[in-house]
Amino acid sequence: MSDAPLTRSWRPSPLMVRILSAFVILALVIGLVLVGIYGVYALVLLLGGLALYEFNALSDKMGSRAPAWLLFPLGVFFAFSGTALKQVDVTLVLALALVGGLGAFLFLPGQRQGLSRWAMGLAGALYIGMPFNFYLLLYTSKPNGLVWTLFTIFAVVASDAAALLVGSRVGRHPFFATISPRKTVEGAIAGVAGAVIVMVIGVSVVLGINPLHAIALGFLVGTSAQVGYLVESHMKRIADVKDSSHLIPGHGGVLDRIDSILFPPILVYLYVTVFHLL
């Protein structure tokens with residue numbers, strides 16, 4: 001009986017909960033990635049679909065609800081536009097989205113919001129779909145696509161954990177306080193440093209590429225990961241909500257967990273393509 005109060009009083013700290021949830025998601029991601037291309041496709045459909053669902057609800061609270069009939073098909077197309085659907089002309093799809101999408105609002109209810117709703121649907125599809133497209137482009141690149149994909153994800157996780165750990169312990173100077181009051185300069189610097197360390201290990205040690213490229217890539221990953229976090233935080237500010245959803249009990253939504261991994265693959269792929277590192 002004497003141990004009961006102690007048992008009831010113990011609760012994991014928010015930091016521990018965030019880190020543990022990150023590792024659970026990371027394990028799921030790595031597991032499906034290692035299955036092969038169909039596991040990766042399944043992962044994209046799962047995470048992308050849930051993220052689009054959350055964005056759909058979030059857009060309503062931001063003032064212009066994205067039409068599901070435009071958001072979901074375009075989001076899926078953009079996600080697979082460089083791989084499974086690469087034979088479908090992007091220009092043609094955008095032209096149909098322009099003419100058909102805007103034309104539909106001549107007949108649908110809420111005509112006065114037609115343009116803003118169409119724009120929100122296109123923006124949401126790009127925001128969520130294109131990052132997954134670049135993950136797939138990285139993953140399918142030969143001969144080291146898997147390594148590039150995994151270390152990009154590892155670097156983001158390390159950046160997020162380092163920023164949270166240092167920011168919560170020694171952070172003193174606010175960083176974008178109007179968007180994320182808990183974000184600090186110290187945490188942001190630690191986040192970039194964490195990404196650099198992981199990319200040095202992955203790019204320089206594992207792949208044997210010049211350490212200067214590894215440092216540059218780590219900086220790009222660490223910076224873009226935090227930009228992604230701030231962008232989603234800004235959307236939640238506009239929508240006046242704490243979390244994108246409650247799909248993950250006690251942890252918020254899928255967008256809250258993948259916000260920082262959305263932008264890094266774009267910069268990594270562009271960098272390694274320009275410098276012929278793939």
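A pocket here is an open set of grid points with protein on both sides within 12 Å along at least five of seven lines. The model is predicted.

Q: Which helices each supply at least two residues of the lining of the second largest pocket?
A: The second largest pocket holds about 150 Å³ of space. Its lining includes Val24, Leu46 and Val254. The helices that each supply at least two lining residues are H2 (14-35), H3 (37-61) and H10 (254-258).

Q: How many charged residues are in the lining of the second largest pocket, and which residue is charged?
A: The lining of this pocket divides into 10 nonpolar, no polar and 1 charged. Arg counts as charged, whereas Val, Leu and Ile count as nonpolar. Arg257 is among the lining residues.

Q: Which residues that line the second largest cavity are the closest to its centre?
A: The count comes to 4 cavities of 30 Å³ or more, and the second largest cavity has a volume of about 140 Å³. Of the 13 residues that line this cavity, the closest to its centre are Val29, Leu43, Phe132, Tyr135 and Ile153.

Q: How many residues of the lining of the second largest cavity are polar?
A: H2, H3, H6 (114-139) and H7 (145-170) each supply at least two residues of this lining. The lining has 12 nonpolar residues and no charged ones, and the number of polar residues is 1.

Q: Is Ile201 buried, partly exposed or exposed?
A: Ile201 is in helix H8 (residues 185-206). Together with Ile197, Val205 and Val206, Ile201 forms a nonpolar surface patch with about 380 Å² of accessible area. Because its relative accessibility is 42%, Ile201 counts as partly exposed.

How values were computed:
Residues numbered from 1 in each chain as written. Predicted model: local features only at pLDDT ≥ 70, side-chain atom pairs only at ≥ 80, totals over all residues. Heavy atoms only, no water. Patch = residues over 30% accessible without salt bridge, like charges linked within 9 Å, V, L, I, M, F, W, Y side chains within 5 Å. Areas by Shrake-Rupley, 256 points an atom, 1.4 Å probe, with all protein chains shown as cover. Salt bridge = Lys/Arg side-chain N within 4 Å of Asp/Glu carboxyl O. Helix = DSSP H or I, 4+ residues; strand = E, 2+ residues; numbered from the N terminus. Buried < 20%, exposed > 50% of the residue type's maximum accessible area, 1.4 Å probe, protein only. 1 Å grid on protein atoms, 1.4 Å probe; cavity = no way out; pocket = protein on both sides within 12 Å on 5 of 7 lines; lining within 4 Å. Points joined across faces, edges and corners; volume = space filled by probe spheres on them.
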